[in-house]
Amino acid sequence: MPDTPTIAFDNSYVTLAPEFYARLEPTPVSAPELIALNEKLALTLGIDPQSLKSGTGIAMLAGNAIAAGSQPIAMAYAGHQFGTWVPQLGDGRAILLGEVIGTDGIRYDIQLKGAGRTPFSRGGDGRNWIGPVLREYVVSEAMAALGVPTTRALAAVTSGETVLREQGALPGAILTRVARSHIRVGTFQYFAARQNRSAIEQLTHHVIARHYPQVADSENPALAMLDAVIQAQSSLIAHWQSLGFIHGVMNTDNASISGDTIDYGPCAFMDTYTADKVFSSIDQGSRYAYQNQPRIAQWNMVNLAQCLLPLLHEDEAEAVRLAQEAINRFDEHFIEQYLIRMRAKLGLVDEQGDDLALISGLLNLMQNNSLDFTITFRQLTSRSPTDPFAPGGPLHDWYLRWQQRIDASEPVRAAAQALMAKSNPVVIPRNHQVEAVIAAAVDSRDYSPFHALLEVVTRPFDHDLEGSEYTLAPTPEEIVTQTFCGT
Ligand code: AMP
Ligand code: MG
């Protein structure tokens, strides 16, 4: 058998104390087949794409072969799930193969999701089915193309086995996920709950070296790291809000320390603008509704801050005060980032005091008139005589207000137009299209809808896509009201 792909593993997480992870190998599957390979990403990781497409490459992507230098582990973490504390979660169906330094100089985790049971699997089977794999592949790659910090999809393979879920027996699949790291708020919580101060110190050190080297020399590195994570998370959520993205499961174990979008479950982009929109079937209390996302991210940061208290100051009251100040900076930073994103969508190249009112005015009108979020911003970008901004349309009065606000001079107009064109996507991975992709894969092993959707959502600002079927809002029959984790 030829060698497995050559990967220049450079593993740092396994050098941490043994309580950070469990060493184990993926459980082999019967008949893996490649569905998709992200060749560009492979090149960034310094891996020859051809080698991943070979028999041994596919075997590695399925967990049937271990590449030289890989030191597979399942990471330990805890977390609040829908607000309820769970002292032990951990990688129950994901196995980290190792880390590489990309050609961009960034350290990346390479992880198999759905690679078999681990010591953290609890009652689960450690597997994944094709639905969540294709959803995560399409949505994470779309997010990357939209410029949102996110984990990436390197490959998807089918396992040749079936996986039992509520819906019945489904085709098994494995996603190879790439991340700047898989460290979560829940990773800190795991050790804080065990009062393992040395582990918290080690983790803080690791996170600073890996994600926030700029704070290493600050007077209070743990506080500076907390600030940096708060900034990264608040920027991330502002970006989500500007695109109508709803994560769906913002548990503390799904909040990444690097500030990347992670753990795509029942996530979705909204079609018509609805501030309290929820897709996830398991989010009964609407905890993770669109409009709650900033507040929840801040709550997650409170939990991170709590873990770091012993490191912030030796005097507990002072530590709490410092943590509280850092948490209070979340709102300020969020609003700043939200305004930057939303001003760009409206082509506002300068700042004015009542911009927030102009933005909320538009959103309220969208909600009251059941208008599609993505399409409406695009209509503002490329006006047509029949759009809702036109005379007689429901947004015409707002349009006149907006026209008064923008500077009409030619150079400013050109800059505004360019800004809007790169801030308002033509296509997003709409939920009904993602569902159609999954249905074709399950019902007839047809992956062509998946490849077609992936192709368009990875060039979301391409003007040539204007008018394509992928830009359309769902018809009433096509509307998807709920998404399922189905894990
Ligand atoms: P998630 O909601 O996907 O973020 O997962 C929450 C927790 O459940 C994590 O600890 C997962 O590893 C675990 N989990 C989810 N699905 C499975 C599964 N099929 N088998 C084992 N563990 C799972
Ligand atoms: Mg998770």
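This is a predicted model: local features need pLDDT of at least 70, side-chain atom pairs count only at pLDDT 80 or more; totals for chains, interfaces and linings use all residues.

Student: What makes strand 8 and strand 9 a pair?

Tutor: Two strands pair if DSSP finds at least two bridges between them. Ten bridges join strand 8 to strand 9 (residues 168-179), and the two run antiparallel, so they count as a pair. In one of the facing positions, T162 stands opposite P171 of strand 9.

Student: How do you know that strand 2 pairs with strand 8?

Tutor: By the same rule, which asks for at least two bridges. Strand 2 (residues 33-37) and strand 8 (residues 152-165) have four bridges, in the antiparallel sense. E33 has T158 in strand 8 as its bridge partner.

Student: Why is helix 7 called roughly antiparallel to helix 8?

Tutor: The axes of helix 7 (residues 221-243) and helix 8 (residues 293-312) cross at roughly 170° and come within 10 Å. Angles over 145 degrees count as roughly antiparallel, so helix 7 is roughly antiparallel to helix 8. Residues making the contact include L226 and W240 of helix 7, and M301 and L308 of helix 8. By class, this contact has 16 nonpolar, three polar and no charged residues.

Student: What makes N254 and D263 ligands of the magnesium ion?

Tutor: Donors are N, O and S atoms within 2.8 Å of the metal. N254 (OD1) and D263 (OD) coordinate the magnesium ion (ligand 2) at 1.9 to 2.1 Å, so they qualify as donors. Both N254 and D263 are buried.

Note on methods. Residues are numbered from 1 along each chain as its sequence is written. Chains are lettered from A and ligands numbered from 1 in the order in which they are written. Side-chain values use heavy atoms; hydrogens and water are left out. Donors are N, O and S atoms within 2.8 Å of the metal (3.2 Å for Na, K and Ca); water is not among the atoms, so sites may look incomplete. Buried means under 20% relative accessible area, exposed over 50%, partly exposed in between (1.4 Å probe, protein chains only). Axes are lines fitted to C-alpha atoms, for helices over the stretch in contact, and angles run from 0 to 180 degrees between N-to-C directions. Angles under 35 degrees count as roughly parallel, over 145 as roughly antiparallel, 65 to 115 as roughly perpendicular and the rest as oblique. Contact means heavy atoms within 4.5 Å. Ala, Val, Leu, Ile, Met, Phe, Trp, Tyr, Cys and Pro count as nonpolar, Asp, Glu, Lys and Arg as charged, and the others, Gly among them, as polar.
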